[in-house]
Amino acid sequence: MSAPDLPPDSTLPKPRGMPAWVGKALLAIAAIFLLQAAKAVLMPLAVAIILTFLLFGPVRQLTRIGVPPALGAAIVVAAFLGSVGIAASALAGPAYEWVERLPQNMRQISELIDQAREIIPGLEPPRRAPRAAAPADPVKERIASEGFTITRAALARFSSFALEGGMAVILLYFLLASEYQLLSRTVQAISRRRTRAVVLAGVRQAQREVGQYLATAGAINATLGLVTGLVLGWMGLENPLLWGTLVAVFNFVPYIGPLLMMAMLSMAGVLTWGIDWAMFGPATAYLVLHGIESNFITPLVVGRRLRLNPMAVFLSVMIWAWIWGVAGAFIAVPMLLAIRAACRRVPEWRLMYTYLNDSDTPPASLRSLIARQVEAAHPVLRKR
């Protein structure tokens, strides 16, 4: 029995491959989970790179006057750590007072919550029966347990924070000392001349934009913290220096940072003045000052070149906070600026650049865009 004749190869059905976007999506998902798993190593590296963009300028200035890069990097890192240490030592006393008063504050909050619950129908605290033990109040138990849990988590987090901070400082020194060598060797390893120019221009642009953003935002946030501290001290809130510093630090985290400051200042107002109209004073004062800063001062000082799409900023803060926690939220905007600088130089990523950039030019209408596509597909229509 003879075998049946097979059709030629050209008529055989070809297997369908996986779409290209599926592989890219799987690669992106794997990269996100890799960033989460390698947080202890990658987060200090990312923080060191961001700080390198801020501090490489002083090291380069010292190198131009004859200071070796290793010594210049040591001087700049020592000055940076010294300024941070002076600020931390000035705030250690007020912060310790708040931590020491935490149990008393939790009891005061519990009493104030009882006063508020008596006003709201259906939420009254349980009444003590005559000659009987008071029934357990779930709200008070929850407050006490949460206060103990927060304190224990803060103490457990301090050791890992110190370790990661030490790693970031060591990496920062090595990056500052060998920044020029690393960049030159990276460019030298690229074979194509055009790619070399693109990589070098992209890195320099990221350095300029990230460094300018950190310096400008730091000056604006420090001014906002100083003014807020003065206003809170005038209002009678304790430890205005601590609150002003927290305002300056949390203002580096868009959207989430101001919300956290509003919550903390509202709690401080309740603890200081109790259930009274005065308790809204600190949060209201901060809200007014932050509104002036974010709507008038920052757009005027930062300029158009550093503006980012607000939705992209919010998503970046959410994603990096989910991946790396609080540190990820603080470096979300500098990371977004670096990514935008890379997208601007690579033609295949220009679409992403348009989503990240905040342009004052109004977009074209959908009807005009469709008309352009029709004309491009049918050249005869352009002659008419």
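**Close-up 1. The helices that line the second largest pocket.** In this predicted model, four helices each supply at least two residues of the lining of the second largest pocket, namely helix H1 (20-37), helix H11 (310-330), helix H12 (332-345) and helix H13 (350-356). The largest share of that lining comes from H11, which contributes seven residues. The space that lies in this pocket comes to about 980 Å³. In general terms, rolling a probe the size of a water molecule over the atoms shows where empty space is left.

**Close-up 2. The residues around the centre of the second largest pocket.** The lining of the second largest pocket is made up of 23 residues, and those that lie nearest its centre are Ala28, Ile319, Trp320, Ile339 and Met352.

**Close-up 3. The salt bridge between Glu179 and Arg60.** A search of the whole structure finds three salt bridges, and in one of them the side chains of Glu179 and Arg60 meet at 3.8 Å, N to O. Because Glu179 lies in helix H6 (residues 179-188) and Arg60 in helix H2 (residues 39-64), this pair ties together parts that are 119 residues apart in sequence. Glu179 has a relative accessibility of 13% and therefore counts as buried, whereas Arg60, with a relative accessible area of 27%, is partly exposed; the cut-off for buried is under 20%.

**Close-up 4. The salt bridge between Glu179 and Arg204.** The side chain of Glu179 also meets the side chain of Arg204 in a salt bridge, at 3.0 Å, N to O. Since Glu179 lies in helix H6 and Arg204 in helix H7 (residues 193-235), the pair ties together parts that are 25 residues apart in sequence. Arg204 has a relative accessibility of 18%, so Arg204 counts as buried.

**Close-up 5. The salt bridge between Arg340 and Glu209.** Arg340 forms a salt bridge with Glu209, and the closest N and O atoms of the two residues are 3.3 Å apart. Arg340 lies in helix H12 and Glu209 in helix H7, so the pair ties together parts that are 131 residues apart in sequence. Are these two partners buried or exposed? Arg340 counts as buried at 2% relative accessibility, and Glu209 likewise counts as buried at 2% relative accessibility. Turning back to the other salt bridges, those that share partners join Arg60, Glu179 and Arg204 into one network. The side chains of Arg340 and Glu209 also make a polar contact, at 3.3 Å.

**Close-up 6. The two sides of helix H6.** Which residues of H6 are buried? The buried residues of this helix are Glu179, Leu183 and Val187. Seen down the axis of H6, these buried residues fall within an arc of 55 degrees, and they therefore line one face of the helix. As background for reading this view, an α-helix has 3.6 residues a turn, so residues three or four places apart point the same way. The face of H6 that is turned away from its buried side carries the exposed residues Arg185 and Gln188. Glu179, one of the buried residues of H6, is also the residue whose side chain meets those of Arg60 and Arg204 in salt bridges.

Key:
Residues are numbered from 1 along each chain as its sequence is written. This is a predicted model: local features need pLDDT of at least 70, side-chain atom pairs count only at pLDDT 80 or more; totals for chains, interfaces and linings use all residues. Side-chain values use heavy atoms; hydrogens and water are left out. On a 1 Å grid over the protein atoms alone, a cavity is a set of points where a 1.4 Å probe fits but cannot get out, and a pocket is an open set with protein on both sides within 12 Å along at least five of seven lines; lining residues have an atom within 4 Å of a point. Grid points are joined across faces, edges and corners, and a volume is the space filled by probe spheres set on the points. A salt bridge is a side-chain nitrogen of Lys or Arg within 4 Å of a carboxyl oxygen of Asp or Glu. Buried means under 20% relative accessible area, exposed over 50%, partly exposed in between (1.4 Å probe, protein chains only). The arc is that of the directions from the helix axis to the C-beta atoms. A polar contact is a pair of N or O atoms within 3.5 Å; within protein, one must be able to donate a hydrogen and the other to accept it, and residues adjacent in sequence count only if both atoms are side-chain atoms.
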